[in-house]
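Got your viewer open and a selection tool at hand? Let's take a walk through this structure, one stop after another.

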Amino acid sequence: MPIDPVLLVHGGAWAIPDDMVEAHLNGVRNAVAAGWRMLNRGGSALDAVEEAVVIMEDDETFDAGRGSFLNRDGKVQLDALIMDGATLRAGGVGCVERLRNPVRAARKILSESSHLYFVAEGAERFAAQHGIRLCKNEDLIISREVERLREFQAHAAEQKPDLFAPTISHDTVGAVALDRDGNIAAATSTGGTLNKAPGRLGDSSLIGCGCFADNKTAAASTTGWGEPIMKLVLAKWAADRVAAGNLPEWVAAEAINYLHARVNGHGGIILLDSRGRFGIAHNTPRMAWALQTVKEEGSGISRND
Ligand code: ASP
């Protein structure tokens, strides 16, 4: 029997200010629409998550692709991972500075490399050799982010980091999908955290931390303060609990409780199994998400949506 596809995306978990709510909701809805077009015409879960993430990388609202946060040196440094739940093949890039759509490079690695993860110039060289045009780092920088970094650095000495402050935003993007063949996939893409040290890698592009997919367990994408998420290998932690027979809806909530209780972490997760059961949870004031199934479509941004 053909399986009903499902697509779920997020656009970062943090204290999204009121005047940015609409842009976040539009962004995740556009992403889900693009990914759903793929799934609906019989495309794979892998194609759908790639497409959905590309839309959000191209949207300057999010901390992914152009418009990402700047690192301490004023540069954009991007990380992304994509993973196929059917084969467990994955492709990841870290600390790339000249790719508009790091998830496209990650997909090329998944499909065409015997390696799984490339960083920095090596990742860019691989992408260029596989037909992806490199850009300049300046092409990824927008004035809003130059100003945000300037503000942050000007007040860095007197500021205690407040993880919910609008300046400490976590606008990473991610998607999980189930296709008609019953395969699941996940992708996550990020510019990381504001004012990060050059070379810092967060959870987003690390297998099992910010992204994971296995048909036998679940597909997950996380967002939030990366270091605590990495310590708990949170995406894999959640997928394993689904495999043990727990409902994704409950596991998502449990994962975020665990993140807070164990390492004082803040963030969000989207989770989907190969039966189409899903979960959405975050302990930040807001996380933009959007969902499409054959029977329902929805989106939300607050904890009670
Ligand atoms: N998790 C990302 C990181 O720490 C940030 C985010 O989710 O926005 O790099």
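**First stop: strand S9**

Select residues 267-272, strand S9: six of the six residues are buried, so S9 is largely enclosed by the rest of the structure. Here buried means under 20% relative accessible area, exposed means over 50%, and partly exposed is in between, using a 1.4 Å probe and protein chains only. Helices (H or I, at least four residues) and strands (E, at least two) are DSSP runs, numbered from the N terminus.

Before going on, a word about what is on your screen: this is a predicted model, where local features need pLDDT of at least 70 and side-chain atom pairs count only at pLDDT 80 or more, while totals for chains, interfaces and linings use all residues. Residues are numbered from 1 along each chain as its sequence is written, and side-chain values use heavy atoms, with hydrogens and water left out.

Now show the side chains of S9. In a regular strand the side chains alternate between the two faces of the sheet. Gly-267, Ile-269 and Leu-271 sit on one side of S9, Gly-268, Ile-270 and Leu-272 on the other, and all are buried.

Which strands flank S9? Look for Ala-220, whose bridge partner in S9 is Leu-271. S9 and S10 make a hairpin with five residues between them, and in the turn Gly-276 has a positive phi of about 85°.

**Second stop: the open sheet**

Color the strands in the order S4-S3-S2-S6-S5-S1-S11-S12, and you have an open sheet of eight strands with mixed pairing. At the edges stand S4 (117-119) and S12 (297-302), each with a single partner strand, so one side of each has no neighbour in the sheet. On average, neighbouring strands of this sheet are turned by 5° against each other, direction ignored; such angles run from 0 to 180 degrees between N-to-C directions, with axes as lines fitted to C-alpha atoms, for helices over the stretch in contact.

Next, bring in helix H2, residues 45-57. H2 packs on the sheet, touching S1 (6-14), S2, S5 (173-178) and S6, and its direction makes about 155° with that of S5. Contact means heavy atoms within 4.5 Å. Helix H4 (residues 120-129) lies across S3 and S4, running at about 115° to S4.

Zoom in on residues 78-84. Seven of the seven residues of S2 are buried. Leu-78, Ala-80, Ile-82 and Asp-84 point one way, while Asp-79, Leu-81 and Met-83 point the other.

S2 pairs with S3 (residues 90-96) in the antiparallel sense over five bridges, and Gly-92 is the bridge partner of Leu-81. Five residues lie between the strands of this hairpin, where Leu-88 takes a positive phi near 65°. S2 also pairs with S6 (residues 184-190), antiparallel over six bridges. In S6, Ala-185 is the bridge partner of Asp-84, and Ser-189 stands opposite Ala-80.

Hop to helix H1 (residues 21-40), where you'll find Met-38. Is Met-38 buried or exposed? Buried, with a relative accessible area of 18%. Leaving aside neighbours within four places in sequence, Met-38 is in contact with Gly-43, Asp-47, Ala-48 and Glu-51. Select Asp-179 too: Met-38 and Asp-179 are 141 residues apart in sequence and 9.5 Å apart in space, C-alpha to C-alpha.

Finish with the largest cavity, which holds about 60 Å³ of space. A cavity is a set of points, on a 1 Å grid over the protein atoms alone, where a 1.4 Å probe fits but cannot get out; a pocket is an open set with protein on both sides within 12 Å along at least five of seven lines, and lining residues have an atom within 4 Å of a point. Grid points are joined across faces, edges and corners, and a volume is the space filled by probe spheres set on the points. To find the largest cavity, select its lining residues, including Asp-63, His-170, Arg-200 and Asp-203.

Key:
Pairing = 2+ DSSP bridges.
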